[in-house]
Every structure is written in structure tokens, then in C-alpha cells.
Amino acid sequence: MSESDRFKKQAIAADLEEPVSEARNLAEKLGLEPYAVNYWIVDYDEMNELIAYGGFQNRYPHWRWGMAYDRQQKQGQYSGGKAFEIVNNDNPSHAFLQESNTVADQKAVITHVEAHADFFANNEWFGLFTQGRSDEQVDAAAMLERHARAIGEYMADPEIDRAEVEKWIDHALCLEDNIDQHRVFTRRLETDSSDRDLDEDLSAKLDELGLSEEVKAEVFDDEWLEQMDEDDAPASFPDEPERDLLAFVREHGKRYDEAAGKAVEMEPWQRDVLDMMRAEAYYFAAQKMTKVMNEGWAAYWESAMMADEGFAGRDEYLDYADHMAKVLASPGLNPYSLGKQLWEYIENTVNRREVIEHLLRIEGVSWRNLTDVVDFEEVLGHLESPAAVDAITSETLDALEEVPEEWVDREALEAAHAGEVDVDRYPWKVLTYEGLARRHYSLAKRQNRGFLSRVSQNELERIGRYLFDDARYSSIEEALADVDFTAGWTRMYDVRESHNDVTFLDGFLTQEFITENDYFTYEYSQASGQFHVSSVEAADVKKKLLLQFTNFGKPTIVVTDGNYDNANELLLAHQYNGVMLDLRKAGETLERVFELWGRPVNLLTIVKELDEHDIEVARRRNREPEPEERGKLIRYDGEELTIEDVPWEAVEHLAADDVDYDTKPEEWLA
Amino acid sequence: MGLREDIERFREVGEERREDLAEFIQYGDLGSGRPDDIQIPVKIVSLPGFEYDRRDQGGVGQGQGGTPDVGQPVGRPQPQPGDEDGDGEEAGEDGGEHEYYQMDPEEFAQELDDALGLELEPKGKRVIEEKEGPYTDLTRSGPDSTLDFERMFKEGLKRKLTMDFDEEFLRELCKVDGITAREAFEYARGQNLPVSMAWIEETHREVADERGAWPSIEAVEESVERETVQQKIRREGLKHVPFRREDERYRYPEIIEEREKNVVVVNIRDVSGSMREKKRELVERTFTPLDWYLTGKYDNAEFVYIAHDADAWQVEREDFFGIRSGGGTKISSAYELAAELLEEYPWSDWNRYVFAAGDSENSSNDTEERVIPLMEEIDANLHAYVETQPSGNAINATHAEELERYFGTDADDVAIAYVNSEDDVTDAIYEILSTEGETNE
């Protein structure tokens, strides 16, 4: 970095010091509990580099980062797109601000980052990697740097072919999603078969005997060990299907030695690389599992702070609105807008439920007649934030004496009176969490004003039937005075703690939401040769969407036998959920798995077959041909990839039919 | 370690992987490439993994202004939220779902030449007159700005030099005692002075009073200093150069006969009922790389797309591979339309390729009575027919066979190729592109 460059960055950093510390204050007032965040000012190239390297400065040497950088740069060139923010999941988190961003952009990034840091710190799925010690032990940057150094050293080792290391990394990366991401990360796979330990023990004992290498090689060579192993080994292992393929090959895999023409033990560096790749896969898994939630969460709070709380100055607001609109408007289902909408939906429905529960306790109001006898305009009038908390300036501080005690941050108010707090600039400082919840109450916002009255009869009935304490209030005003205005936020905080994208979408994607946003499913028609809209039903949309999020949107592959055919072959199984594998890619992946197993590898799966004739006939009748499900065994023996039919009995156990992901209606093309 | 090295490695790896061009043509997703922008997924870049079959998986979309109707076709599937590679990136806008190696058509053509061992040399055809060389040629008329003044001045000067004469001397000469105009003229001509008889006569009259000032011509020669034209110009300056219209020359550019390599490619596809999805796809796999290749080889490539069943009609590229219709098949309809459309692309100016594809089904006698004569009639570097029959030959599907019987297998401007599976695609492309004879034109 040149002197002037450093100087410039320092100047920007100085300008951002206040926004950074105030954003943190505001975030905490709003109930967020972020990790500490270190902010760095970087230039355009540095930003591209950071993005390419997944948000960290030191990663192992690999072409994929070069590729990502190349792509990042081209994207910038072609689309004029600028990178706004990058923050990594670590404690403390590190966030990077691009020096060329406008101040409004920087502020938006900072508020966005604070929310991400809260999510990293509090979402339980992130805790799996740190084994529940989430707060102190992430240490991601240190881990990745350690990996970078170790792999760099292997590559520099004259004994090891650099290209081999890179290829080995490639093999492992092919399985990076084949881990058991719902399990707490452990460094080693706990094997339940004790004979493995015996093997380890045996080797260890031999080591203890202090025999010379020559003797060991003569007498107790690998083959001998293997034989011992085979003698004791049960016919097949693992006992239960194993989802963590990376761990399994790390424990039991070998490598194929071209020269020797057989499987030999992996080199120590190879096992080490597998360990590292696996640890990184687990580290990044939580982010992949919570993309929609996490982005939505950040977008939600960014908007609350920037727009609603005026964190962007009036002059910066247009810049900000423009930026936000661009991010939310990217086509398709983008995680920012989907997530943000869902969070808002949660907030609104919980708040609505809270209000309805109180309204139902008014004398003479029941779920049957609520929409007829309650004047929603009046209700909304009461739900408006009182002027005292809505518009706070140094002139109106006295009005805060009239509002409930719990809304007001006494200490800050004193300070404001004394002129120590700039209330005109940071009005939120004199409020508490409860006060801010009142100030930001969702149902009173202009865009949500119709939400309350849109409550369905169904929902009213559901709430009404489970309601205790009927008939306590005599008027709307009295009923609403008891409403808990923090209900929406409280629920959101619970959800951000325990959910991942799958449960999030499953729990909160409703008919109302799907219809309102015009979502639909599509399926491929064999008869017409293209995709068609297949359903607009909420249940179908949700099902399809969940398919894309469950298990990283990938099919579930498990190890069912590490001693297949009693020949030490690997048998994988595809747990078929009605959607077949991409067979080409499966074949290519098997070729990689072979490298990590050293011996032939097999995959049992179920495919759907159709012949040209069936398609022809179906097309003439204007309907979709009915494919036939068949069992297949894909096998790669190191030389040749084969696919053969297996009897249905061999795969029957793999077919699960609890969810039907097919959304094709009966007569959809007619 | 470090960025530079990782980029370097990526380049190397990318290079290695581009050997897979043939494989890409056979199996890759061609849809994302247009003739002017070819995107080839770099295979290593998307390391393989266990994934769902894209078609079987289906997807979720968001309607633009309203929920669409069930059954309505959707275009290319929208990017799905699960598609992107998380990897901790919080970058605002994520990239697409695949990694592409972008190639321009020239590069593609070069790669394909290397991959398949092709040697197609495009021919320059149309002379582009606009191609102007230096302004070295001259003509007698033209805009003022191109008038060659230097030349005109020189010509004028030359004329002046030849026409001008020493007027003073001749005037004195006319004063010689008893001299007649005729004698003075003859003397002057004897001295090679370019004087006219009329001038002498006039001067002779003017000096009539002074006649006798000189006793003889010799006395004049001795006493009067003669001045050459050059001396006179030097003394008087160049007061007047006689410009004449006949000396005017205008510069105009030398025409360099630059020949542009133009190509027009006619893609004809049978879209009748019998053309199933598989056949459709195989045609796309064969035609698209041909389009790219020719785009890369020629300076200027234009494409004409014709769909036909029993009738033929012109379509846009976007629609060409997707169209399905009912009806029978009459291949000649497409050639008739092709002949008509090609009138805009005269054979003298354009290289022409006419590629047709179908499953060889045709109305009876159409091939022999109409198609073959049309193929012979339409001038083209190459006519090709791509037969696609993934599920074996139908009995009546004899179009390709008949063409082959008529034109023979080694005709140098007709190629017949058979594509029954993805594996045949590159062979077919080779067959077609290696057929074009060297003897054209």
C-alpha cells in the first residue's frame, strides 16, 4: 500500500468512526447481539480479492480463487456492478468496506453487517461447527490461515508433486456437500466398529515394539495388517448409513497407486488435506444452510436502521434507497428479498395475532363476528405510534414524560436534557428496546395498513378457539392498551436462533405470501420438450422450494457398505426422494470418489426411464408419459464407468415416498 | 502463494480443460451462447458433484405481474436460490450458476479447427468499393477539394514557358528598316520563338512610325539584350499563369480491391410432428456449432432460419429450435423459400451454406422431383443434410439416402451426415465442414 493510499483509507476510516460506533449502539438498542466487528477499508481490487477468497485473506493455494477473482472482475466490468460488502463469520467478525462507496453505501453496509454478525453469533446452526461454544471458539481466520500454510508447505515440498496436491483438493471438493451438516462437527468420525481401533492399536503396538523399518516392511507389512483386519472385519460396515462421505473416505479410504496397480495407504499429507477440506466444509455449511434467513435478516435490520431510523442522512437517503432497490430487485428468487419479505411476514402475523387476541376479549366480540363489529380504522388509529416516540427532537423531549416508563431510557434522556446526547441526530438514544418496538410497530406502517383487516376467517377461528380469559375489555382502546408491541420482534429473535432455511421456509411461507408474490412451480414436460408452469398452489410451491434448500439442494448420498461384495469396494446409495440424479455428473463424481477410495466404487440409485415410443404415444394423446422407475448400479472400477440394471428389490429400501416433489397436474397440457 | 499464482493456475487449468470442446458440443448447454458470444462452461470449474437431474427437479418461478396459468410454457428456468455457491460470500450480487469460459467466434473456429483437424479457408467474395486507398489516381472532373492544383500550376507554367516569348525583342525587331511582318514572323519562328503571326502583324502596325530605327536584324541582335522567359519571370515575377480547363485534374482514391469474406448460412429444420424432442436437440447440437464456426471464419456472417412441415416459413433464431408443428413434411417447400430468400445474397458476393436437418421423412417423390433439382439450382459452397434418427430408421424416411444415391458420397458441395446420438455430433460437424471443395468459384 502506498503512503497516499494509506492516508486516504485512514481519512475514510476516520469519517466512518462515528457511524460504526453509533450503528453498534443502535443495533444493541434494537435487541441485536452481534459479535464484535472489525471494519477495514479496502480498494476495489482488494475487495474483489476478498470476495474471491470467501471473505478471508489467507486461503490455501488453489485455482478456484483465481477463477472467482477473474469472474468477480469481469462481472464488475460488464455489469458495472460494485461489490458492497463482505463480512466473515468469525469472532470478532471482519467486515470490509470499499473505499469508493458513497457514505450512504458505507452506512448501509455497516448496518447490514451488524445484523449478519448478530446472526453468526446467535443462530444455532453456526454453533454446530463450534460445538456449542459459539462465542469464543470460531477462530475461522486462524483455522483457514493454518490450512493455507499447511497446504502451501505440502505444495512446496520437493517430495510431493504440486499438481497432485491440487488434484487431491479437487477430489475432496467434489464431496464438500456430502457431509453430515446437521451433526455437531467433530474432527474425527466416531466409528462404531471396534475392529478399526484394533487396527490402529495394532499399528501403534508395532510402533511401540521399536522394530526397524526393514523388519516391519518384511514381516508386518501393510498387507499383513490388512489381512488381520479382514479376518476380524464384519461382512459390512458401517452399521448405519453414513452421510459424511468425506469423513468415511478419510477414515477408510486408500489411494490408487498407478505404478503398483493397486490401492495403497494414503500419504499422511493426503489425510491431512482431507481433514482440512472437511473442516472447511463444516465451517461454511451453516452459511449455506441459512442463506435466505441470514440475508433477509440483514436486509430487514438494515432497512429498519437506515430508512426507519434515519441512519442515512436525508441527503444520503436517495443513494441508499437506490442501492436497496437494486439489491432487492435482482431477478429470480433472490435470498435478500425472499428473506426480507418472510421476516416482515413473521413480524406482521405475530403482531396481528397479538392484536386479534386482545380484540377477541372485548365484550361482544367473537371470532365469528370480529370483522363485522370491529372498526379496523379505529384499531389502526390506536396502533399508530404516539407522537411522543414517533417524532423525537430536542424540542419534544418533555412529551416523553407522558409515555409508559418502560419505553424511555432515563439515563439517556437526562443526558439529552443536558445536551450531552444529540437527540436531533440520534433520537433513538432516548428510547429503550420497548420504546423502539413501539416506534417501529409494523402494523402501523403505511405499507402494512391493510394487513390487519386481511385476517382470514380461518385464522380468526384458530386464534379464537384457543383463547383464554374471554370478555375482559369493554372497548377497543382498553383492549389495545394491553397489547405487547414487542411480540413481533421477540418472535423474530427466537426464529433467528433456532431455524435454518428449510424450517424457515417450511414454517413461514404461507398461501397468502405465495399468492401475493405470484410464485409458481414448473416442471419439464417430456411430451413438449420444455418446462411448463405446473402449479400455483402454495403447498406445491413450498414443496418445490424446500427441495432446493434441503441438504443444500443436493440429493442425499450415503455410504452403505465399505466392504461391498466382500472385496473392500465402496457402496454408496442415493436415498431417492422421487427426483432422479444427474447421471452424468454422478458418474464423474464417482470417478473422483475412486481416487479417494483406491478401489472400485459403486452407487445404487433409482432412475426414471422412458423410451422414445412412450413419449411419442403420450404426445399424440396430449398427455405426459408415465416414466418407469428402475434400480441402477453405477460403478467405476478405475478404468470404466458402467451402469447396469439391478432388480427392484435391491433399491426398494432407498425409495422414500413421504413427499412427492412432482407438481405436475393430471391433465396439464391438454 | 497468493492471488497472482491462483489466477495463473486457473488460466492453466482453463487451458487444459478447453480440450473438452468436442465434449461440450455433444453434451454441454449450448443455449446460453449466441453466435457473437459463445459461452463455454469450463468443466473443471464446475467440479462434479452429486446433483439432481435438472429436468426432473423442476423449479419455482415468480410471475411478472400476475400468476401465470398452469400449462403455460416457461422459458429458461430462472436462477434458483439454492443454486448459488454459498461459501461465505456476502457479496451483493452473486454470479450465475455456472462458470463459463467465454470465447469469441474466431477463437471457437480456431479451436474447432484444431480439435477436428479442419482446414476450411473462407473465400473473399464481394468487392467492397468503399475500401479507399491513397488518393493517387486522377480524373478530369471531381469536387473542388480534390483538384490537383499543383499539377495544374505546373502544366500552366509549362504552357507559359512554351507560349511566352521576349516581346521587347520582337517589338524592336519590327522596327528594322523595311522589314515586313511576314519576314519578322519567319525570323522569329527560325529562332523558335512561339509567337503568332497575328501578334507580329499587330505589333508591326503599332511601330510603323518607328520603322527604320534599326538598320538591320543583325543590329537589333547586337544591341537589344534578349531575355529568356526564365529571366523574364525572374524579373517580373510570375504575374500570370495561364490556367486552362484542360489542365484541371482531380485526385481520386485508388481502389484497392478488398474482398470481404461474406457468408450467409441458411438453416432449415423440419418441425413437423415426427420431430421429437431428442431429434430437435440433436439438430440444435449440430447446427449451433456450425453457426458459431462460420461466424468465426468469416468477416460477416448472416443467418437465415427456415422452419418447415408441408409448408416453409422464415423464423427468428430464438424460435428456430423450439418450434413444433403438426402436419406432414415437404422438404422442397423449404428449398423454394431458401432460393427466394437467397436472392438478397447474390452468389457473386456471398459465400452460401445451406444446411437442412430432419428425420429424412418427406412426401413421396418430393426429394427426387423437387428437392434435388432445387439443390442443384441454388448456388452454394455447400449443401448439407443432417439426418437424425435416434430410434432407428423409419421405413419411409429415405430423403438422406436418396440424396446420397444421387450426389454420391464424395461430392464436394453436398454433404450428408447422420446424427443419431450425441456421440455422432462431432463426426457430423467434421463431415460437413470438411466436405466443401477447394474448387469453388
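Author: In this predicted model, the buried residues of helix α4 of chain B are B:Pro105, B:Phe108, B:Ala109 and B:Leu112. Because these residues cover an arc of only 100 degrees around the axis, they are placed on the same side of α4(B). B:Glu106 and B:Asp114, by contrast, are exposed on the other side of α4(B). The helix spans residues 105–116, twelve in number, and from its first C-alpha to its last it reaches 16 Å, close to the 16 Å expected at 1.5 Å a residue. After α4(B) comes B:Gly117, with a positive phi near 70 degrees.

Turning to the sheet, three strands are arranged in the order β7(A)-β6(A)-β2(B), forming an open sheet with antiparallel pairing. The edges are taken by β7 (530–535) of chain A and β2 (59–62) of chain B, each of which has a single partner strand, so that one side of each is left without a neighbour in the sheet. On average, and with direction ignored, neighbouring strands of this sheet are turned by 45 degrees against each other. Between the chains, strand β6 (residues 519–525) of chain A runs antiparallel to β2(B) and is joined to that strand by four bridges; A:Phe520, for its part, has B:Gly61 as its bridge partner in β2(B). Across β6 and β7 of chain A, together with β2 of chain B, lies helix α26 (residues 538–549) of chain A, which runs at about 70 degrees to β6(A).

How values were computed:
Residues numbered from 1 in each chain as written. Chains lettered and ligands numbered in written order. Predicted model: local features only at pLDDT ≥ 70, side-chain atom pairs only at ≥ 80, totals over all residues. Pairing = 2+ DSSP bridges. Helix = DSSP H or I, 4+ residues; strand = E, 2+ residues; numbered from the N terminus. Axes fitted to C-alpha atoms, helices over the stretch in contact; angles between N-to-C directions. Contact = placed C-beta atoms within 7 Å. Expected span 1.5 Å × (residues − 1). Buried ≥ 20, exposed ≤ 12 C-beta atoms within 10 Å, placed from the backbone. Arc of directions from axis to C-beta.
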